[in-house]
Amino acid sequence: MPQLFAYTDGACSGNPGPGGWGALLVAREGDTVLKERALCGGEAETTNNRMELLAAITALETLDRPTTLTIVTDSGYVKDGITKWIHGWKARGWKTAAKKPVKNEDLWRRLDEATKRHDVTWEWVKGHAGHIENEKADELARAGMEPFKP
């Protein structure tokens, strides 16, 4: 049975500054790649964390039907936010443990909603460490940022 992976990454030139996100969707059966789909985009004035979030959100929102997949990210912020911190944020009315507003609440809410229709496993990989698909996601994020660079 094929497995689906979404390799996601964000990039920013300055933080804030022009940014891009990339997602590489890969359907695999064992070591055989059955299908790949590359997605990317960007914004003129954003942060790296927003781009990391948008990469995962877009990967999930692109799927037409409920799916079981693994999202592979080099962002501890995204992985820990969606698997650990979000439960407390929601319980506290979208406030941090320090009672401050959650940064990027709009995107966290969107990611939370996008994950509801899918069975998602989150996996962290070290960025810029030669992981082939993570490097491809990084290339996509940089391509998504390109139109917004001065």
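**Salt bridges and burial, explained**

Modeller: Look at R142 and D138: their side chains meet in a salt bridge, 3.2 Å from N to O. Keep in mind that this is a predicted model, where local features need pLDDT of at least 70, side-chain atom pairs count only at pLDDT 80 or more, and totals for chains, interfaces and linings use all residues. Residues are numbered from 1 along each chain as its sequence is written, and side-chain values use heavy atoms, with hydrogens and water left out.

Biologist: What makes D138 count as buried?

Modeller: Buried means under 20% relative accessible area, exposed over 50%, and partly exposed in between (1.4 Å probe, protein chains only). D138 has 8%, so it's buried. R142 has 42%, so it's partly exposed.

Biologist: And K116, exposed or buried?

Modeller: K116 is exposed, because its relative accessible area is 55%. Its side chain meets that of E113 in a salt bridge, at 3.2 Å from N to O.

Biologist: Which salt bridge does E133 form?

Modeller: E133 pairs with R28, and their closest N and O atoms are 2.5 Å apart. That pair links distant parts of the chain, 105 residues apart. Both E133 and R28 are buried.

Biologist: How many salt bridges are there in the whole structure?

Modeller: A search finds 9.

Definitions and conventions:
A salt bridge is a side-chain nitrogen of Lys or Arg within 4 Å of a carboxyl oxygen of Asp or Glu. Helices (H or I, at least four residues) and strands (E, at least two) are DSSP runs, numbered from the N terminus.
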